[in-house]
Amino acid sequence: MKNLLKDSKAYYEDNDYYEIFSKAEDYEDKVKEYLNNISSNKVILDAGCGTGKYLNILENNSKLYIGIDLSNEQLKKAKLKSLKESSKFICSNLSTIPLKDNEIDLIVSSWVLGTITNIDERNKVLNEFKRVLKKDGIIILVENGCNSEFEIIRGRDKDNRTKDYNDWIINNGFKLDTIFNTFFEFKTLEEAKKCFNVIYGDIIASKINDKKIDHIINIYKYKN
């Protein structure tokens, strides 16, 4: 099965739409507020940082910020948002993170592991997270909850993909820490349809009938 990031055009040459989608998600910034409260004075790995959705909060609070992503195109946008010369950006696969053991206080990974549909590769990534994590370090996964309007639009109400993935998270030592009921909000209906078309295709985009889409976000926490 394909890795949805490796094989996604939207993550590379069409990543302007990914940026718009990323900004629209969690319009009320509930996740940002959560991260702001837990990220003070830490060495932080933003694993799958993309264009830097949470860069400013994590970087501003951090002792050292490290952003890692598979896409150079995404990292270029993230670097433009960076305000600290000490921050580091690495283009790498998360299954072979080029960092030392026990180096990181806090790993934040938002909507990343679920895109890795090959279970062996996903397990390698999680093992790498745990390898670079310090004793008493924390991993935060920001993920989709089940049964939201967003999940229905994507057809996830007709299968168990989201539930199975979230069960995998729990089975690997994480606890469900917080649930946010939030929403996407785009500038226009046309913008919403275009973003979903580029990322998910015509069929899913055709289901969009409003610029606002209800969404559920789960926050999972692992402590070393």
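In this predicted model, Arg 122 lies over the face of Trp 168, 4.8 Å from the ring centre. A charge is taken to sit over a ring if NZ of Lys or CZ of Arg is within 6 Å of the ring centre and within 35 degrees of the ring normal. Lys 212 is placed over the face of Phe 183 in this way, at 4.3 Å from the ring centre.

Rings of Phe, Tyr and Trp (its six-membered ring) pair if their centres lie within 6.5 Å; planes under 30 degrees apart count as stacked, over 60 as edge-to-face and the rest as tilted. The centres of Phe 21 and Phe 184 are 5.0 Å apart with planes at 55°, so this pair is tilted. Phe 21 belongs to helix α1 (residues 15–24) and Phe 184 to strand β6 (residues 175–185), so the pair ties together parts 163 residues apart in sequence. Helices (H or I, at least four residues) and strands (E, at least two) are DSSP runs, numbered from the N terminus.

Phe 21 also forms an edge-to-face pair with Phe 196, at 5.5 Å centre to centre and 65° between the planes. Here helix α1 is linked to helix α8 (residues 189–200), across 175 residues. Phe 21, Phe 150, Phe 184, Phe 186, Phe 196 and Tyr 200 form one aromatic cluster.

Residues are numbered from 1 along each chain as its sequence is written, and side-chain values use heavy atoms, leaving out hydrogens and water. Local features need pLDDT of at least 70 and side-chain atom pairs count only at pLDDT 80 or more, whereas totals for chains, interfaces and linings use all residues.
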